[in-house]
Amino acid sequence: MVSELTSVRHEVPDTLEAIEYCYRQGWTDGLPVVPPTQERVREFLAYAGLDPETVVGEVPDRARVITAEKVAINAVMAGCLPAYLPVVVAAVQAMAADEFCLHGSMASTGGAAPLVIVNGPVRTELEMNAGVNVFGAGTRANATIGRALRLVLLNVCDARPGVLDQATMGHPGKYSYCIAEDEEATVWQPLHVERGLPRELSAVTVLAGEAPHYVKNAFGTTPEEVLTSVADVMAHASYTQGAYLVVLAPEHRAVIERAGWSKADVRAYLAEHARRSAAELKRVGYLRGKIEAGDNQRFPPLVSEDEVLVVAAGGSGGTFSAVVPPWAGGRSSAPVTRAVGACVECE
Amino acid sequence: MAVETTERLTLLDPRVDARPRGTVRAPRLAELRGKRIGLLANGKPNSEEFLAALGTLLRERYGVAELVPARKPNASRVAPDAILNELGGRCDAVVTATGD
């Protein structure tokens with residue numbers, strides 16, 4: 001039997017007033033929300049086959065339990081369609097995994113945001129964008145799935161700016177941060193397959209990331225040339241050790257794929273070449289201490305091969321890829337992959 | 001012609017309250033003299049240096065008898081139970097501080 005919805009009820013006269021009411025309650029991210037009516041929330045839960053009381057995740061540091069009911073309410077508010085809820089639920093499960101370090105990453109002055117990467121058949125079912133303007137605006141599923149996570153963080157986890165979110169800068173991905181991989185446009189293995197799931201499953205991978213940094217390389221004709229540009233963006237003189245997402249656009253992929261390189265080859269190359277000498281790091285005060293003999297030849301490790309996530313996405317025609325550096329907490333948070341639609345509370 | 005609407009909506013609250021933990025505040029110390037004070041660094045750079053300087057002040061200015069330094073292994077996570085239990089068992093009060 002399906003449990004009753006247990007959230008506190010708020011009566012409002014009409015839809016426009018409801019939108020303003022949500023603002024007055026402090027329930028929004030600054031943009032208008034869809035009013036979370038009982039009927040709409042029930043419709044979402046029914047679509048996903050979820051009982052409202054189902055525990056999707058917990059944030060023990062904040063003594064909070066995230067139920068399916070609360071995820072559905074916030075997904076409605078974000079503008080999701082019912083079919084998006086299983087993706088949002090999987091992303092919340094991933095964020096709530098211990099290795100993600102949700103509390104630290106959302107509270108930190110480092111100001112990261114959870115980035116969702118969607119793989120598998122659900123991308124096409126939901127008409128997600130993996131192509132042109134992949135990090136940008138214009139696609140309902142990308143925009144509202146990412147926004148639903150933000151509203152869960154604000155409303156369920158109390159990640160209020162200035163309270164339990166102390167981001168120094170924040171970034172635009174803190175409104176919504178969700179992309180899909182362009183699996184059909186690459187010969188490479190999709191991210192979720194690389195991370196151990198069957199290709200036919202749909203999955204989300206969530207990582208605590210800074211904003212995307214562009215990599216421009218218009219004239220590189222070998223994998224080494226293109227990827228040296230990527231490595232250079234990764235190894236800027238304020239880098240963080242941890243998991244990096246590298247989103248390679250079609251123009252850059254063409255160069256790399258044509259040479260027969262796999263994602264594993266890309267990861268290995270970047271792990272070896274994304275580095276900066278101790279001398280340079282000391283020169284800018286990133287490392288403490290005076291520059292000593294040998295510091296020009298000493299390279300503190302930045303990433304290991306398995307910390308580089310390679311994703312095929314972006315529009316064709318431009319020679320721009322992107323690097324999403326990790327949250328400043330670095331290895332305190334690891335990317336987490338979860339299947340979409342798999343059982344939440346397996347009996 | 002204006003249309004009268006009788007629409008009313010019932011919204012569901014999207015928030016969650018923190019679960020009560022059943023914890024209470026320890027009584028405040030009347031004075032620091034002769035007390036044993038824990039110094040829990042959060043693990044960031046300079047947190048231990050800061051607490052060490054504070055510890056010197058606590059000894060010299062307030063007559064604290066003993067200092068018990070500890071350090072969280074990860075600044076972004078709650079201190080492990082072993083550290084909390086040790087500090088809780090040994091100390092009259094604990095000061096925790098962040099670095100950077």
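Guide: Strand β6(A) pairs with β11(A), residues 336–339, in the antiparallel sense over four bridges, and within that pairing Ala203(A) stands opposite Ala339(A). This is a predicted model, and what follows should be read with that in mind. β6(A) also pairs with β4(A), again in the antiparallel sense, here over seven bridges, and Val116(A) is the residue that stands opposite Val206(A) of β6(A). In general terms, strands of a sheet pair through backbone hydrogen bonds, either parallel or antiparallel.

How well covered is this strand? β6(A) is mostly covered, since seven of its seven residues count as buried. The covering applies to both faces: on one side lie Ala203(A), Thr205(A), Leu207(A) and Gly209(A), and on the other Val204(A), Val206(A) and Ala208(A), all of them buried.

The domain assignment divides chain A into domain 1, made of 6–210 + 334–347, and domain 2, made of 211–325. The C-alpha centres of domain 1 and domain 2 of chain A lie 28 Å apart, and the contact takes 27 residues from domain 1 and 18 residues from domain 2. β6 (203–209) is among the elements of chain A that give two or more residues to the side of domain 1 touching domain 2, together with β4 (113–119), β5 (178–180) and α8 (191–194). By class, the residues on that side of domain 1 divide into 16 nonpolar, seven polar and four charged.

The partner of β7(A) is shown by its pairing with β10(A), which is antiparallel and runs over four bridges; Val215(A), for instance, has Ser321(A) as its bridge partner in β10(A).

The loop between β9 (308–312) and β10 (320–324) of chain A holds Ser316(A), which counts as partly exposed because it has 13 C-beta neighbours inside 10 Å. Leaving aside residues up to four places away in sequence, Ser316(A) touches Pro250(A) and Glu251(A). The C-alpha atoms of Ser316(A) and His252(A) are separated by 9.5 Å, although these residues are 64 residues apart along the chain.

Turning back to the helices of chain A, we come to α3(A), where eleven of the eleven residues are buried, so this helix is largely enclosed by the rest of the structure. Among those buried residues are Glu69(A), Lys70(A) and Asn74(A), as well as Val71(A), Ile73(A) and Met77(A). The buried residues of α3(A) pack against α2, β2 (55–59), β3, α4 and α7 of chain A, and also against β1 of chain B. After α3(A) comes Gly79(A), whose phi is positive, near 95 degrees.

Two of the helices that α3(A) packs against, α2(A) and α4(A), also meet each other. Their axes come within 9 Å and cross at roughly 80 degrees, and α2(A) and α4(A) are therefore roughly perpendicular to each other. In this meeting, Phe44(A), Tyr47(A) and Ala48(A) of α2(A) face contacts with Leu85(A), Pro86(A) and Val89(A) of α4(A), and the contact, by class, has six nonpolar, no polar and no charged residues.

Terms used. Residues numbered from 1 in each chain as written. Chains lettered and ligands numbered in written order. Predicted model: local features only at pLDDT ≥ 70, side-chain atom pairs only at ≥ 80, totals over all residues. Domains from an automatic or database assignment. Contact = placed C-beta atoms within 7 Å. Nonpolar A, V, L, I, M, F, W, Y, C, P; charged D, E, K, R; others polar. Buried ≥ 20, exposed ≤ 12 C-beta atoms within 10 Å, placed from the backbone. Axes fitted to C-alpha atoms, helices over the stretch in contact; angles between N-to-C directions. Parallel < 35°, antiparallel > 145°, perpendicular 65-115°, else oblique. Pairing = 2+ DSSP bridges.
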